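This report describes the packing of one protein chain for a reader who has the model at hand. Please keep the sequence and the structure in view while reading.

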Amino acid sequence: MRKLIAVVLGAALLAGCAAAPAASESAAAASGTAQTTPAPTEEPTAAEDPAAYDTTGEQINVLDQLVDFGADTAGGSLKTAKAAAVLVEYLSCSDLDADVMADWCTGLTDDQKELLDLNWPGILSEAEAICGDPAGEADELITAGVTTDFENMALTEVPDKLVTVDTVLTGKAG
């Protein structure tokens with residue numbers, strides 16, 4: 001009986017060993033083929049070329065956050081604070097182009113236009129509060145998941161930029 005068990009186990013062991021090299025040989029052959037076939041080279045696209053960097057996409061990402069939620073939904077005040085923080089942070093080092101904003105507004109769906117009308121007053125108010133008293137807004141921003149240190153940022157030009165954004169988004173002078 002012991003001999004029979006030893007023979008069966010030995011046969012199983014040999015069968016397993018015999019199958020493993022075949023699998024590894026076919027894998028080696030496949031990888032060898034892949035290694036010898038050169039990948040086609042492509043010229044860098046304008047998006048990859050730093051000289052051709054366009055901030056339009058970055059601006060659209062900032063604007064999209066204005067309509068990414070409903071201020072009247074659960075967590076709306078924290079989402080408002082986060083959207084305002086993103087806007088203030090962007091405006092602290094750059095401008096939103098009026099043409100980009102106008103084109104963005106034109107491309108909004110009816111639902112997004114409603115969200116903008118609903119969300120924008122709160123976002124604008126929160127953005128102004130961040131600029132006016134960053135330390136006073138810190139706890140709410142932390143609760144909203146914002147880690148930006150607004151207290152150590154130059155925010156003096158942001159309120160004027162917010163007036164421009166408000167004028168373009170609402171179509172009325174601030």
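The model discussed here is a predicted one. Helix α6 spans residues 134–143, and its buried positions are Pro134, Glu137, Ala138 and Leu141. These residues lie on the same side of α6, because they cover an arc of only 135° around the axis. An α-helix has 3.6 residues a turn, so residues three or four places apart point the same way. The face of α6 turned away from the buried side carries Asp139 and Thr143, which are exposed. Just after α6, glycine 145 adopts a positive phi of about 90°.

Helix α6 packs with α5 at an angle of about 125°, and the two axes are 6 Å apart. The helices α5 and α6 are therefore oblique to each other. On the α5 side the contact is made by Glu126, Ala129, Ile130, Cys131 and Gly132, and on the α6 side by Pro134, Glu137, Glu140 and Leu141.

## Overall composition

The secondary structure of the chain consists of 7 helices and 0 strands. From the N terminus on, the order of elements is α-α-α-α-α-α-α. The chain has 174 residues, of which 26% count as buried. Among contacts in the chain with a separation of 6 or more, 77% are accounted for by residues 24 or more positions apart.

## The largest nonpolar core

The largest nonpolar core contains 35 residues, and those with the most contacts inside it are Trp104, Leu116 and Trp120. At least two residues of this core come from each of α2 (56–64), α3 (76–93), α4 (98–106), α5 (110–132) and α7 (158–170). Helix α3 gives the most, with 8 residues.

Which residues does tryptophan 120 contact, leaving aside its neighbours within four places in sequence? With those neighbours left aside, tryptophan 120 is in contact with Leu66, Leu87, Leu115, Val165, Asp166, Leu169 and Thr170.

The axes of α3 and α5 are 8 Å apart, and the two helices pack at an angle of about 60°. That angle makes α3 oblique to α5. The crossing in which α3 passes α5 is right-handed. From α3, the contact involves Thr80, Ala81, Ala83, Ala84, Ala85, Leu87 and Val88; from α5, it involves Trp120, Gly122, Ile123, Glu126, Ala127, Ile130 and Cys131.

Helices α4 and α7 pack at an angle of about 35°, with their axes 9 Å apart. Their crossing is also right-handed. Here Ala98, Met101, Ala102, Trp104 and Cys105 of α4 meet Val165, Val168 and Leu169 of α7.

## The buried face of α2

Helix α2 has Gln59, Val62 and Leu63 as its buried residues. Seen down the axis of α2, these residues fall within an arc of 95°, so they line one face of the helix. The buried residues of α2 pack against α3 and α4.

Leucine 96 is located in the loop between α3 and α4. Is leucine 96 buried or exposed? Leucine 96 counts as buried because its relative accessibility is 8%, below the 20% limit. Apart from neighbours within four places in sequence, leucine 96 is in contact with Gln59, Leu63, Leu87, Tyr90, Leu91, Met101 and Val165. Leucine 96 and leucine 162 are 66 residues apart in sequence, and their C-alpha atoms are 9.5 Å apart in space.

Lysine 161 is placed in helix α7. At a relative accessibility of 17%, lysine 161 counts as buried, since the category covers values under 20%. Leaving aside neighbours within four places in sequence, lysine 161 is in contact with Leu91, Ser94 and Asp95.

Methods: Residues numbered from 1 in each chain as written. Predicted model: local features only at pLDDT ≥ 70, side-chain atom pairs only at ≥ 80, totals over all residues. Heavy atoms only, no water. Core = buried A, V, L, I, M, F, W, Y, C linked by side-chain atoms within 4.5 Å. Buried < 20%, exposed > 50% of the residue type's maximum accessible area, 1.4 Å probe, protein only. Helix = DSSP H or I, 4+ residues; strand = E, 2+ residues; numbered from the N terminus. Contact = heavy atoms within 4.5 Å. Arc of directions from axis to C-beta. Axes fitted to C-alpha atoms, helices over the stretch in contact; angles between N-to-C directions. Parallel < 35°, antiparallel > 145°, perpendicular 65-115°, else oblique. Left-handed = near helix turned anticlockwise from the far one by under 90°.
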